[in-house]
Every structure is written in structure tokens, then in C-alpha cells.
Amino acid sequence: MTDQIPSERPRVHFPPIANGIDYLQSVVNHLAGDLTVWDLKYAVLHLQSATEVLLKARLQQEHWSLVFKDPGKADRVRFENGEFESCGTAEAITRLRGIVGIVVSEKDTKEIAQLAKWRNTLQHYGLSVAAPAVESRAAQVLDILLRFITDHLVPGLSGGEAEFTDEGIYAVRNRLAKIQAFIKTRMDRLRPELEPYAAQTIACPECSQPALPLVVDGPLSCRFCEETWATPEQLAHHYARIVLDPNAYADFESGGDRSLRRTCPDCGSELLVLEARTAAAPDRPSTLCFSCGNSYEELVACEYGCGSVVVPTKDGRRDLCPMCFEHAYGFDKP
């Protein structure tokens with residue numbers, strides 16, 4: 001007996017918001033239970049797809065032409081047929097801010113940007129990321145998207161679409177709560193180990209958890225996701241590119257005048273980061289050396305204008321870096 005072919009075959013029909021919700025449900029399903037490499041792969045791919053779809057859905061609510069890469073060349077027929085190139089995630093956020101008037105925080109923007117980098121690396125080159133890092137970043141982006149749907153998409157919906165979206169959000173949020181509980185349990189377990197190094201502990205560039213202590217006598221590794229960096233230089237550049245302002249990274253790398261990198265007054269390395277965030281003071285910038293791990297409450301520019309920073313003197317002497325001090329007085333700074 002042969003299988004009978006159904007008289008009516010299903011059609012693929014996923015309007016933008018329903019499509020985004022479906023991707024989110026796929027993400028939380030992949031992250032539930034014992035994780036496999038396939039779960040991690042599709043969690044990254046589907047979460048990035050959800051992000052793109054949902055951000056552009058809000059642009060489309062504002063006006064259909066805003067999803068075109070070049071709105072000036074928007075064409076209604078091509079839009080309805082799906083025969084056009086759309087804007088990227090970063091540009092969608094720019095338009096949401098500038099045209100729609102939606103506030104997307106810098107923190108949320110950086111999380112989304114790093115997810116997009118993961119997706120591109122995975123798609124084109126191959127990605128190697130630890131499971132806890134995927135879980136952590138996925139939990140944060142899921143939370144961002146759920147808030148975005150509730151605050152900026154649901155008000156523009158009605159009838160069955162609004163009901164479907166509410167049900168989808170409820171299901172995703174329940175699964176997300178379990179992922180967040182796992183992350184909290186892991187961080188609570190690590191807290192006694194990390195507390196003595198709070199002033200030297202930064203948010204990990206891979207998982208975003210405040211679990212990477214810059215301790216001289218230990219490995220440069222995140223205690224949460226276990227990602228490891230071979231050298232302080234490698235970590236500092238990775239941190240600057242992902243956690244600090246990505247637009248200023250080229251200047252950070254070159255050590256230009258606008259760089260957030262200076263020479264450490266203690267160890268002399270050029271890995272003093274001016275706007276790091278530590279576990280001891282997560283809400284304000286700290287000055288932290290990625291080489292020796294020293295943090296500084298107060299630093300001032302060298303009075304000779306060489307670009308170095310120094311700990312201000314309290315005895316009325318000029319605030320000079322060691323090199324400029326030797327040049328001015330002919331002997332090493334005590």
C-alpha cells in the first residue's frame with residue numbers, strides 16, 4: 001500500500017511578525033535541555049533572523065519603503081513581490097532611532113551587533129563559541145526583542161494578529177525565564193571566586209557576563225563561558241572592538257589621539273583602557289590596565305602634552321609622566 005498524497009498541500013505563509021515569533025520559539029526550543037552543536041548553531045542563526053525580521057517589521061509599520069536598502073528607489077510592486085534588497089540590522093536600528101523615534105540603547109545595540117557578527121562568521125567562515133556564551137548572549141537578545149515587540153509592535157496590531165503575538169510572547173518568555181535562571185545560578189556559584197577581584201573584573205566580550213578578572217597570576221579567561229585569550233593585547237583589542245564604541249575601534253588600534261588607550265603609569269604597557277566597566281562599578285567608566293590589572297580612580301594628562309596619563313601628585317610637583325620627568329629634570333621619576 002502506497003502513501004496517499006494529500007489533496008491539499010500546505011502553503012508557506014509567515015507574515016513578518018509571525019515569522020519573527022516563530023524564529024524566537026525555535027531559539028528557546030534549541031536552548032532547552034541538553035545542548036548539541038546543532039542546537040547552538042541554529043540558536044544563533046534563528047535569533048539573528050528574528051532580530052532582522054522584527055526590527056524591519058516595525059519599520060514596515062511606519063512605512064513599507066523604509067525596509068528598502070535605498071528608500072529613494074522603493075517600488076511598491078517589488079515590495080509586494082519581495083523582489084528587493086532590504087537594509088541591514090545596523091541600518092534598521094539607525095532608522096528606528098532617526099525616523100520612527102524609538103530609543104534603542106547603546107548596550108542593546110552592541111548586543112545585537114555582536115550577534116550579527118557571530119551569525120556572519122558562522123555563515124561564511126565557521127564559528128567557535130562556547131555553549132554558555134551562546135546561552136548568555138541569546139538570553140540578553142531575547143529579552144531585548146521581547147521588550148521591543150511589547151512596546152513597539154503590539155500597539156500597532158489588532159484582532160487575530162495581536163492575539164497570536166501575545167500567545168507567542170508568553171511562550172517564549174516562559175522558556176527564557178528558565179534560561180535566565182540557569183545563568184543566574186551559574187553566576188551565583190562564581191560570585192565568591194570573583195568578589196576579591198571586583199575592581200579588576202570586566203564583562204566578557206563573548207558572553208557579556210561580568211566574570212573575566214584581569215589577574216596577573218591567573219589565566220585571561222572568563223569564569224562563566226571559559227573563553228580564553230592568549231595575551232593581554234589580544235583581550236584588550238577584543239574588548240575595545242565589542243564592548244567599547246565599535247566606531248572608535250580603529251583609533252584604539254592605532255593609538256590615535258582619540259583612542260581610549262593610554263600608557264599605564266605603573267607597568268608602562270600601552271594597555272590602559274580609559275572607559276572600561278568593572279564589576280565593582282558597572283554603571284560608571286573605570287580606568288583599568290589590561291596588562292597589570294591595576295585600576296585608577298583619578299588620572300590626569302601629562303603636563304608636557306605627550307598624551308600619557310599619570311596619577312596626580314599631592315605635593316605640588318608638576319604632573320609629568322616618567323619619560324617627560326626625566327627629560328625635564330635629568331633623572332628618573334621617584
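Which residues in α1 meet which residues in α6? The close-ups below start there, and every one of them shows a predicted model.

**View 1. Helix α1 against helix α6.** On the α1 side, the residues that meet α6 are I17, I21, L24, V27 and V28. Their partners in α6 are L142, L145, L146, I149 and L153. Sort the residues of this contact by class and you get 10 nonpolar, no polar and no charged. As for the geometry, α1 covers residues 16-30 and α6 covers residues 131-153, and their axes come within 12 Å. The axes cross at roughly 155°; angles over 145 degrees count as roughly antiparallel, so that is the label for α1 and α6. The crossing in which α1 passes α6 is left-handed.

**View 2. Helix α1 against helix α7.** Here α1 pairs up with α7, residues 159-194, and the two axes come within 9 Å. They cross at roughly 20°, and α1 and α7 are therefore roughly parallel to each other. This crossing, too, is left-handed. From α1, the residues in the contact are I17, A18, I21, L24, Q25, V28 and N29. From α7 come E161, F164, T165, G168, I169, A171, V172, R175, L176 and I179. The class count for α1 with α7 is 11 nonpolar, four polar and two charged residues.

**View 3. Helix α2 against helix α6.** Now α6 turns up again, this time with α2 (37-62), and the axes of α2 and α6 come within 10 Å. With a crossing angle of roughly 20°, α2 ends up roughly parallel to α6. The way α2 passes α6 is a left-handed crossing. The α2 side of the contact is L40, A43, V44, L47, A50, T51, L54, L55, A57, R58 and Q61. Across from them, α6 puts in A131, V134, A138, V141, L142, L145, F148, I149, H152 and L153. Split by class, the residues of this contact come out as 17 nonpolar, three polar and one charged.

**View 4. H30 and its surroundings.** Zoom in on H30, which sits in helix α1. Which side chain does the side chain of H30 make a polar contact with? That would be D39, at 3.0 Å. Skipping neighbours within four places in sequence, the contacts of H30 are L35, D39, Y42, A43 and H46.

**View 5. An aromatic pair, W64 and F79.** How many aromatic pairs does the structure hold? There are six, and one of them is shown here. The ring centres of W64 and F79 are 5.5 Å apart and the planes sit at 35°, so this pair goes down as tilted. W64 is in the loop between α2 (37-62) and α3 (76-81), while F79 belongs to helix α3, so the pair ties together parts that are 15 residues apart in sequence.

Terms used: Residues are numbered from 1 along each chain as its sequence is written. This is a predicted model: local features need pLDDT of at least 70, side-chain atom pairs count only at pLDDT 80 or more; totals for chains, interfaces and linings use all residues. Side-chain values use heavy atoms; hydrogens and water are left out. Axes are lines fitted to C-alpha atoms, for helices over the stretch in contact, and angles run from 0 to 180 degrees between N-to-C directions. Helices (H or I, at least four residues) and strands (E, at least two) are DSSP runs, numbered from the N terminus. Angles under 35 degrees count as roughly parallel, over 145 as roughly antiparallel, 65 to 115 as roughly perpendicular and the rest as oblique. A crossing is left-handed if the near helix is turned anticlockwise from the far one by less than a right angle, and right-handed if clockwise. Contact means heavy atoms within 4.5 Å. Ala, Val, Leu, Ile, Met, Phe, Trp, Tyr, Cys and Pro count as nonpolar, Asp, Glu, Lys and Arg as charged, and the others, Gly among them, as polar. A polar contact is a pair of N or O atoms within 3.5 Å; within protein, one must be able to donate a hydrogen and the other to accept it, and residues adjacent in sequence count only if both atoms are side-chain atoms. Rings of Phe, Tyr and Trp (its six-membered ring) pair if their centres lie within 6.5 Å; planes under 30 degrees apart count as stacked, over 60 as edge-to-face and the rest as tilted.
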